[in-house]
Each structure stands twice: as C-alpha cells, then as structure tokens.
Amino acid sequence: MFEACADPKAIEGLQWALCYLTSGKHLDFYWSFMTVLGLLAITAPSALAMGFLGATAARSQIAPVSWAGKAYIWMVRGVPDIIFFLFFVIALDQLIEYLKFLAVCPATDVSPWQGLEFRVCPEAKVPSARASGFVHQLYGFGLAVVTFAIVFGAFTANVIYGAMQAVPRAQLETAEAYGMSRGQVFRRVLIPQMWVYALPGLGNLWMILIKATPLLFLLGVKDIVYYARELGGSKTQAYEYPHGDWRLYYFLVLLVFYLAFTRVSELGLARLTRRLSHGQATAAGEALRKAAA
Amino acid sequence: MTCWETVQAYGLRAIGIGENLLPKTDFTLCQQFTLIGSGLIWNVYFGAVALICGFFLANAVALAKAARSPLIRKPADWFVFLFRGSPLFIQFFLAYEALVMLPKAGIDIFGIQVSTAWTTKAWAGALFVLFLNTAAYSAEIFHGALKSIPKGDLEAAEAYGLTGWQKFRRIEWPTMLRLGWPGYTNEAIFLFHATTLVFASAFPVLGQRGDALYYASYFADKTFNPFIPYPIVGFYFILLTLAVTTVYGMANRRLNRHLPSNQRQKIRLRPNLIR
C-alpha cells in the first residue's frame, strides 16, 4: 500500500509490522469485519419481520395458517441450529437452480437429481459460470443471509408470540368493548403493548445472533474466521511476509472483537430497557418512578 | 448387505470399531441411519461429561460470584464474561491453536515428561472447552437463582439456629438448585446441541471418526441430497433432547418434592441458539 513497503524483505521492526498490517490481504481482513456487521444489519430486521409474520400466523383464526405458523416456531426446537444452517444453504441453492432449470433449460424428462449428482444445464447455473468471483461471493452471502433470517425468524417468532400472549387480556377485551374490529385491536392495542414484553427475549436473541456470526465460515463465506486462518497460518520465505504460526493471535483479536461487541450491546440493551420501562405498569417502571421521586 | 449387517459394520464406526472404509456408492437409508447414529456417541460423550464436570465448577463459580470479597468475585465475573461474551466457535479455534503451540516433545514437570499431543485431540481439548463453557453459562444461572432465594427461607433457617455451612448445605444450596433447575435444563439441551460444533470448527476428525453432524454432511456432500441426512440428524437430536428433558425432569421432581403441587416449578423448553 505504501511505497516504503515495496520490498518487505528489506525492512525491519516497526515499519515491517506497519507494512505487514496494511498488506492487501489484511485490508481484505478488515473489510470482512464489515461482512459480519453487514450480515447483522440485514439479518436482524429480516428475522424480526419473519418472526412477526410467524407469530401473527400462529395467532390466526384460520386453522391451516395457524398450524403453519406454529410449525415454523416449533421447527427449530430440539434440533441444533447448525444443522439448519448447513441444510438450508444446500437446499436453497438446489431449489433456486431447480426453479431456473424448469424455466430456462430445454425440456427433458430427466430430473436434476441423478444418483450422486445434482446436474442442471449450464444456462441454469446460479450464479452463471461466467460471473465474476465477486458475484459468487455475493450469492454465497445472500444465501447465508436468507438462512440466518429463516432460522432466527423462527426464534423471533417464538419470542413475539410469547409477548403477544403476555399482553393482559383485559386490554384487548376493553378495546373490543369499544367496538374495534379484530384488525384494529391488533394494530392499535396489541402491537404497541407487546414490545415491553418482547424486549428481554429480543435482546437475548440479538446477543445470540452476534455469537452465531462466525458460523458464516461454515457456510463458505470469506468472513473473519476464514481470514484469521488464512493470514495466521505460517508463511514460508516464498511469501512476502514470512512468519510462524500466528493463528492464535488472530483468533485472540477475534475474541476481543466479540467480547467488546457483546459488552457494548449489553450496555445498549440495558439503556433501551430502561427507556421502554419508563411509565410502564411493570416492576421496572415502578422502580424508575420511585427513583425519580 | 442387509440392514443388520450394516449395523454390525458401522454401528460403532465413530469410535473406530467395525468396518474401516465408509460407504462410497449406493448409499442406503440404513447406512445413513446407522452411521449418523454412531456419530451421536461423540455428541453424548461430549455433552454428558462436560455437563457432569461443569456442574461442580458452575457451583463453585456461582458462589464465587456471590462472594463479598472482590478478590474472589472479580475473577469469577471475568470467567463468566469471557465464556458467555464470545462465540463458542471462536473459543474452539482459540483453544485448538493454543494447544497446538504447546511443545511437541512434552513439558518437563519436576523431572517427569508430560506429553501434550493428546490435548489437541477432540476428546480432550474440545471437551475441556465445552466443560469451561457450560460451567460459565450454568454459573450465571445458579448465581441468578442464589440471588432469588426467598428472604423468608433464610430467616427461617437462622431462626432454627442454622448458620454457615449447615445453612448453606441444607437450605441455600438445595433452594438454589431448585430455582435454577428449569434454566439449567435448557442449558443442558443447548450444550448437547453445541457439541455439533466440535468437529465443524477447529478440531480435526481423525480416521473419519466424527460426530453425527460430520457423518450427515459426509452423506450430503456425497449424494448432493441434503433432504435425507440432515433430517436424520434432526430426528436423533429430538430424541436426545427428549431424553435430556426426561432425566432433568426427574431431578426437578426430586428437588420440588417437598412443595405443594401448585407451587412447583415447571420446566419450559425455551429454544436457544449457538453460543
């Protein structure tokens, strides 16, 4: 990056360290932290939306919709989530290619699932074979985001469903007594009140979501774990910056990153809870009122 | 090969007994069920041993967290923060890289050569990480329970003349366990789920002796069909979860046996994710 770094073998000490830490691969490494943050920024709202849909469906009056919602919530109980992660990435990939196969491939009666292979015609490959490496990366990241949203959506649905049940019945009955329709009760009374009950569960999920981000590595995305392994591995003299096995230090950096991130989130959530409890008829709200008086 | 022969050949494959070569072609449903089931041995081993050992450390850490002296309290706080604040996945990597750095020839302790190679194996290294991890999570649960022991119970104990160790052993500790048990049950379930991360992270699979997830992804890679092996692992884990709930439910009933039936704590299964 810097001109002084043109010949890394000739420099020493602090300058070597500076050049080493600003090499192209390292800049990729720093960017991969943005991948993690990007994943969180996209997944958190979409999981919330999925969860909201799931919880609303589970409360539905129409039996099949309610079953579907409950099945979605129950889906992730009892089974390790990592199985869902590994499953969905392959399953979604095959589903997308299968749909494209139906659309663009010349009509044949051969199914893509042939014994030990999943084969579609070249035009149906997603992303197409000519696409750049960046597109492949983006596609992999997209699959990971959808997978995270599906799995975390189920957890969020469970939390929101519980929060909706926790809103006092009397509130809903009063609203009905005022002549509100079901939709009005839902929009004007249930939703504004459920957030206080949902917040502890959602905060917990946020922490878990942060701690689930290294699983991106298992989904084949070049994330921070991938780069920590790549950069930390011992480099022979053939490399520009030869060094021994430094993976331990790279993982220490990741550990500190996650510890700081969860700690900051914890403090932020505590503040948010305080603010939301303000003026609420709960024990926390009461404590705030007493402290102010 | 009949299904029974498959079971004989691969039933204990995960611990290195039976047929050496994994099936390469013509995968039958029976093979998938058998091999994935044999992989489950590892999950049960990691989960059970880590839970049993972790229980004792968790109790100690929970008490340390409640201690008045900061010299005892602070290290316990940091221990819990370290293991609860970071992903288990990273902890596995970190532990593995740290253990690999131990001198190959062994460490010399008072003239005795202690070999270090075994620590990088999953059965020891990963177990150690899981043990510390579950101890930290359980310690937080037990600490919360310790804080929520009803004041009246403690006053009653003092009125009976119980103090110090006697009070702890007969009143505080059983009440702490009773209050924390539902949370601890969930922790046990998640720990069993977390064992699937061992071979997916840093610890290498030696001689293709892996856990249930390892064999499932082996089949998924070979057959390009994720719709059979992954539901099989899911099925096995639902059975495992049911077994854990049953065992912990029995302990819960014992802890609550003195209470009138309407005051007993019920265990509610709350889903959680990777730590």
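# Exercises on a predicted two-chain model

In chain B, Gln208(B) is placed in the loop between α8 (197-200) and α9 (212-223); helices (H or I, at least four residues) and strands (E, at least two) are DSSP runs, numbered from the N terminus. The model is predicted: local features need pLDDT of at least 70 and side-chain atom pairs count only at pLDDT 80 or more, while totals for chains, interfaces and linings use all residues. Residues are numbered from 1 along each chain as its sequence is written, and chains are lettered from A and ligands numbered from 1 in the order in which they are written.

## Exercise 1. The surroundings of Arg13(B)

State whether Arg13(B) is buried or exposed, and name its contacts beyond four places in sequence.

*Solution.* Arg13(B) lies in the loop between α1 (3-10) and α2 of chain B. Its 24 C-beta neighbours inside 10 Å are why Arg13(B) counts as buried. Two residues are in contact if their C-beta atoms, placed from the backbone, lie within 7 Å. With neighbours within four places in sequence left aside, Arg13(B) contacts Gly18(B), Glu19(B), Leu35(B) and Ser38(B). Ser38(B) is 25 residues from Arg13(B) in sequence, yet their C-alpha atoms are 6.3 Å apart.

## Exercise 2. Packing of α2(B) and α3(B)

Describe how α2 (residues 29-65) and α3 (residues 70-85) of chain B pack, and classify the residues in their contact.

*Solution.* Two packed helices are described by the angle between their axes and the distance between the axes. Here the angle is about 125 degrees and the axes are 7 Å apart. The axes are lines fitted to C-alpha atoms, for helices over the stretch in contact, with angles running from 0 to 180 degrees between N-to-C directions. The angle makes α2(B) oblique to α3(B); under 35 degrees counts as roughly parallel, over 145 as roughly antiparallel, 65 to 115 as roughly perpendicular and the rest as oblique.

From α2(B), Val61(B), Ala64(B) and Lys65(B) meet Ile72(B), Arg73(B), Ala76(B), Asp77(B), Phe79(B) and Val80(B) of α3(B). Six of the residues in this contact are nonpolar, three are charged and none is polar. Ala, Val, Leu, Ile, Met, Phe, Trp, Tyr, Cys and Pro count as nonpolar, Asp, Glu, Lys and Arg as charged, and the others, Gly among them, as polar.

## Exercise 3. The contact between the chains

Give the number of residues that each chain brings to the contact, and name the helices that supply at least two residues on the side of chain B.

*Solution.* Chain B contributes 35 residues and chain A 35 residues. On the side of chain B that touches chain A, α4 (88-100), α8, α9 and α10 each supply at least two residues. That side divides into 22 nonpolar, ten polar and three charged residues.

Terms used:
A residue is buried if 20 or more other C-beta atoms lie within 10 Å of its own, exposed if 12 or fewer, and partly exposed in between; C-beta atoms are placed from the backbone.
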